[in-house]
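Hello,

Here is the structure I promised to pass on to you. Have a look at it first, and then read my notes below.

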Amino acid sequence: MSWGTELWDQFDNLEKHTQWGIDILEKYIKFVKERTEIELSYAKQLRNLSKKYQPKKNSKEEEEYKYTACKAFLSTLNEMNDYAGQHEVISENMTSQITVDLMRYVQELKQERKSNFHDGRKAQQHIETCWKQLESSKRRFERDCKEADRAQQYFEKMDADINVTKADVEKARQQAQLRHQMAEDSKADYSSILQRFNQEQWEYYHTHIPNIFQKIQEMEERRIVRIGESMKTYAEVDRQVIPIIGKCLDGIVKAAESIDQKNDSQLVVEAYKSGFEPPGDIEFEDYTQPMKRTVSENSLSSSKEGKPELKFGGKSRGKLWPFIKKNKLSLKLGATPEDFSNLPPEQRRKKLQQKVDDLNKEIQKEMDQRDAITKMKDVYLKNPQMGDPASLDHKLAEATQNIEKLRLETQKFEAWLAEVEGRLPARSEQARRQSGMYEAQTHQTVTNCAQDRESSPDGSYTEEQSQESELKVLATDFDDEFDDEEPLPAIGTCKALYTFEGQNEGTISVVEGEMLSVIEEDKGDGWTRIRRSEDEEGYVPTSYVEVYLDKNAKGAKTYI
């Protein structure tokens, strides 16, 4: 099968067909190009999605990722980021292996097609020129023959007429002979051109056109093969990333299988455990006898017997948390206590442990810096030309001073930590605090510091000693303020949403539905100061009451 023999007369149709083939190839290139753009857009959207749900640094979200379910979600986000990278690889490979290659091939194909059809048109023009020459010689031969016949008839007519002179007859005879000669010449010329045309035509239909059409056929078949190979490459590019995408999905499955619900439940306990003991039974209050209301030993009233009004400045040796004088002073100043005494015992222990660990890391960092300066100083001593050893003395002294400050700070927090752990129930050795690499260095100092502090029989430290160590300068001024202060005016009312057993100093018990007066708003620590009567006032959790502030009261905030 050859286009040159089968389609010898379909030059125009072949020209249209080959142009259609190039259009198909360009359409496929456009399809692949749009696919690469989709892959890039999809990869970008996946990356943005993964970035959007990544935990923000130094935020509450980052703390949430200690749970195994959140860790699995974070692993999923990372795997999706890698998954997006594979779609970028698909786009890059399709662009380099298909789009760029085919665009270059299309240019070459257009040039080759143009050259082949140019040769075909040239052969067509040549055969058409030969045909025109043949037609011209044929018409001339026909015309000369007719002229010769007319000249012969005229001569015979003149020769038969007796009235015509002999000279006229001779002239007609010569004219007829001339026309016959011209007809013979035209005949010979026509015969020669005809033979030459037949030869050209044979070569055109049996040599030139078949060769040109054969080249066009080979060009078209190469185009078909090329587009088929490109389609295979298209599939292979996708297939090459399937194993890596499979690994990404396996990573997501593995992360999901690593979720441990028991571990997450334990983390919730560690995060929110307060360390308080559950409240005891409430004693029966007998109103049939004219006697003072009795409450359990753990209630707030036990610490107020014999006092005409509520005083927060007494030298009670009961448990200090959550409202010792020092804590009230910190709240008054609007700052979080340095020893985290505003937190429940368990949460306070965790904060102190974290602070100790951070300080130990800072100490290690300073020690590394001091060691580096010491080594550099030794190098300068051995090689004075490299630098002056005395120039490092200031930095070395500064590093040593920083280490000493950090160690003193660590000792302070270690002492508070020992205080809190002395109050908490016994814990397993592994679960007890781990003070880090400097525990051995600071243990003796912490022990001495803890022993020097005055303790109450139940293991808690007295308010008096705590004030001396923490607020030595401000204690005198603020003691008078809290001990002798006049009762605060009410700034609104509140309704108890839930029953609260105030068993610690500074708190007050409330019953669900009870209406009380508000004398101090929540300062941001989660507690509101309320009053039941002139002799009963204290703090309750803000979430346990619904507050109605009097806008006209002094100190009340205006809410919009």
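**What I found**

The chain has 12 helices and five strands; helices (H or I, at least four residues) and strands (E, at least two) are DSSP runs, numbered from the N terminus. Please keep in mind that this is a predicted model, in which local features need pLDDT of at least 70, side-chain atom pairs count only at pLDDT 80 or more, and totals for chains, interfaces and linings use all residues. Residues are numbered from 1 along each chain as its sequence is written, and side-chain values use heavy atoms, with hydrogens and water left out.

Of the 560 residues in the chain, 35% are buried. Buried means under 20% relative accessible area, exposed over 50%, and partly exposed in between (1.4 Å probe, protein chains only). Among contacts with a separation of 6 or more, 73% are between residues 24 or more positions apart; contact means heavy atoms within 4.5 Å.

**The cores**

A nonpolar core is a set of buried Ala, Val, Leu, Ile, Met, Phe, Trp, Tyr and Cys residues joined through side-chain atoms within 4.5 Å. The largest one here has 39 residues, and Leu-25, Tyr-28, Met-94, Ile-98, Phe-213 and Ile-216 have the most contacts inside it. At least two of its residues come from each of α2 (11-52), α4 (68-160) and α5 (166-257). Which helix gives the most to this core? That is α4, with 15 residues. Another core, of 13 residues, lies apart from it and includes Ala-496, Val-510, Leu-516 and Trp-527.

**Helix α6**

Helix α6 (residues 261-272) has 12 residues and reaches 17 Å from its first C-alpha to its last, close to the 16 Å expected at 1.5 Å a residue. That expected span is 1.5 Å times one less than the number of residues. Its buried residues are Asp-264, Leu-267 and Ala-271. Seen down the axis of α6, they fall within an arc of 55°, so they line one face of the helix; the arc is that of the directions from the helix axis to the C-beta atoms. These buried residues pack against α4 and α8 (345-382). At the N-terminal end, α6 is capped by Asp-260, with a side-chain oxygen 3.1 Å from the backbone nitrogen of Lys-262.

**Two residues to look up**

Arg-531 lies in strand β3 (residues 527-533). Is Arg-531 buried or exposed? Arg-531 counts as buried because its relative accessible area is 15%. Its side chain makes a polar contact with the side chain of Glu-537 (3.2 Å). A polar contact is a pair of N or O atoms within 3.5 Å; within protein, one must be able to donate a hydrogen and the other to accept it, and residues adjacent in sequence count only if both atoms are side-chain atoms.

Tyr-65 sits in the loop between α3 (60-64) and α4, and is buried, with a relative accessible area of 14%. Tyr-65 and Pro-55 are 10 residues apart along the chain, and their C-alpha atoms are separated by 7.9 Å.

**Cysteines**

A disulfide is a pair of cysteine sulfur atoms within 2.5 Å, and by this rule the count is zero. Cys-130 counts as buried at 9% relative accessibility, and Cys-494 is buried at 0%.

Happy exploring!
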